[in-house]
Amino acid sequence: MNGSRRTTLGAGAAALALAVGTLVLVAPQAAAEPVDTGSGRDAEQQGGTDKSGTGIYAAAKVTYSGSVAKGGGGGNVTSSDVNWTPPPCWYAPMYGAKEFKKKMSKELKDAASAPGMSGHAGAAINELQRHYEDDYGWTDTPGYKDYNVDKDGEGMFWAAVENPDEPDYLKRTSCSDIPFWVENGEAPPPQYEEAIKPEMLAALAYQHMELPKTKVSLAPDGATKVKLPTWAWLDKAAFDDVEATAAIDVPGFHLEATTTAKPKSLTLDPGTADATTLPANGECLIVGNTIGEPYAKGKAEETPPCGIVYGRSSAGSTFPLKASLTWEISWTGTGQTGAVAMPDGKIEAVQQVTVEEIQSINR
């Protein structure tokens with residue numbers, strides 16, 4: 001039997017979400033927790049074959065490897081595009097058919113017997129039960145017979161997963177469709193636009209990427225002088241390409257993406273308006289194996305390709321020199337040929353600079 005999914009569930013949607021929230025919302029959240037592997041180590045893949053014969057499969061977790069933040073939190077990269085954000089939620093394979101029946105049937109039974117579950121709420125719960133047990137479907141969503149138990153091992157039920165690092169509650173919970181079945185090796189139905197894809201995993205790898213901290217070499221080192229150029233540079237050799245990988249691996253389904261960051265440029269903010277950056281826009285590009293140029297003896301009066309000229313002293317204090325290192329970021333992943341560009345990433349570091357009132361100095 002088919003009907004309109006939006007129409008039939010619309011009246012009791014809020015009550016239904018409350019009634020079966022433990023399964024539809026809370027359980028996927030737990031599966032979203034990242035596995036911290038530490039920089040340079042591979043993640044232990046979550047999921048595997050059903051060796052017990054019970055039909056219970058491990059839920060699909062996004063696992064991270066490579067240069068990722070410790071503790072499973074967000075990395076230290078800020079996107080240069082203020083409009084770019086990683087996915088707030090997605091759909092991923094979550095339950096084998098037998099496990100899903102065990103969980104969902106219990107939730108529906110508990111929800112139906114809860115106080116106040118009558119009227120629209122009761123009708124919605126009854127309709128959901130018919131959907132999974134009695135082959136009751138809607139226009140774009142086929143029904144299931146006995147939770148597809150006879151197909152256990154041939155596919156999985158996919159469910160919503162919240163990104164735990166998404167601060168906006170409404171965005172984080174916007175993947176609100178009920179669990180749906182996907183055969184092994186098949187793509188999810190097209191109406192589920194938030195079904196996990198390689199580019200989404202690439203964005204999650206970006207979100208958890210940990211880049212090397214930025215510390216600029218200065219000459220003179222320690223205290224610099226008013227109106228004399230302060231040379232600044234970074235040794236590019238200390239900033240090799242950095243990779244972070246996000247993956248999902250369960251029976252019949254494997255998806256992964258690797259995000260790569262390459263050092264691109266250094267931008268200096270001297271920490272005072274009474275200073276001039278070199279070049280004028282403060283952006284120092286890669287030249288050879290360095291960003292900027294290391295100071296060499298005899299160049300004290302020359303203009304450095306990357307540096308600062310302070311116009312006044314720090315008067316016994318310091319100026320907070322902020323260095324922003326821009327990284328060019330791209331990704332490759334399952335089914336993807338060639339690297340795909342992503343918005344540049346930035347990390348910032350502040351170091352204190354003392355500026356003295358001395359007009360010249362031999363270096």
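## A pair of strands and beyond

Author: Phe319 stands opposite Val353, a residue of S18. Before going further, please note that this is a predicted model, in which local features need pLDDT of at least 70 and side-chain atom pairs count only at pLDDT 80 or more, while totals for chains, interfaces and linings use all residues. Residues are numbered from 1 along each chain as its sequence is written, and side-chain values use heavy atoms, with hydrogens and water left out.

The names of strands and helices come from DSSP runs numbered from the N terminus, a helix being a run of H or I with at least four residues and a strand a run of E with at least two. Two strands pair if DSSP finds at least two bridges between them, and S17 and S18, which run antiparallel, are joined by twelve bridges. Their hairpin has six residues between the strands, and within it Gly335 takes a positive phi near 75 degrees. S17 also pairs with S12, again in the antiparallel sense and over twelve bridges; there, Asp269 has Lys322 of S17 as its bridge partner. In S17, eleven of the 15 residues are buried, so the strand is mostly covered, where buried means under 20% relative accessible area, exposed means over 50%, and partly exposed lies in between (1.4 Å probe, protein chains only).

Side chains of opposite charge can pair when their charged atoms come close. A salt bridge is counted when a side-chain nitrogen of Lys or Arg is within 4 Å of a carboxyl oxygen of Asp or Glu, and by this rule the count comes to eight. One of them joins Glu356 to Lys225, with the closest N and O atoms 2.4 Å apart. Glu356 lies in strand S18 (residues 340-356) and Lys225 in strand S9 (residues 223-225), so this pair ties together parts that are 131 residues apart in sequence. Glu356 is partly exposed, at a relative accessible area of 31%, whereas Lys225 is buried, at 7%.

Another salt bridge is formed by the side chains of Asp274 and Arg312, at 2.6 Å from N to O. This pair links distant parts of the chain, 38 residues apart: Asp274 is in the loop between strand S12 (253-269) and strand S13 (275-278), and Arg312 is in the loop between S16 and strand S17 (319-333). Asp274 is partly exposed, with a relative accessible area of 38%, and Arg312 is partly exposed as well, with 36%.

Aromatic contacts are the next topic. Rings of Phe, Tyr and Trp (its six-membered ring) pair if their centres lie within 6.5 Å, with planes under 30 degrees apart counted as stacked, over 60 as edge-to-face and the rest as tilted. A search of the whole structure finds 18 aromatic pairs. Among them, Tyr132 and Tyr144 are stacked, at 5.7 Å centre to centre and with 10 degrees between the planes. Tyr132 belongs to helix H5 (residues 119-133), while Tyr144 lies in the loop between strand S5 (137-138) and strand S6 (155-162), twelve residues away, and both residues are buried. Together with Tyr95, Phe100, Tyr147, Phe157 and Trp181, they form one aromatic cluster.

An edge-to-face pair is formed by Trp231 and Tyr295, at 5.5 Å centre to centre and 70 degrees between the planes. Trp231 lies in strand S10 (residues 229-235) and Tyr295 in the loop between strand S15 (290-292) and strand S16 (307-310), so the pair ties together parts that are 64 residues apart in sequence. Trp231 and Tyr295 are both buried.

Finally, helix H5 can be viewed as a whole. Its buried residues are Ala121, Ala124, Ile125, Glu127, Leu128, His131 and Tyr132. They cover an arc of only 160 degrees around the axis, which puts them on the same side of H5, the arc being that of the directions from the helix axis to the C-beta atoms. Just after H5, Asp135 takes a positive phi of about 65 degrees.
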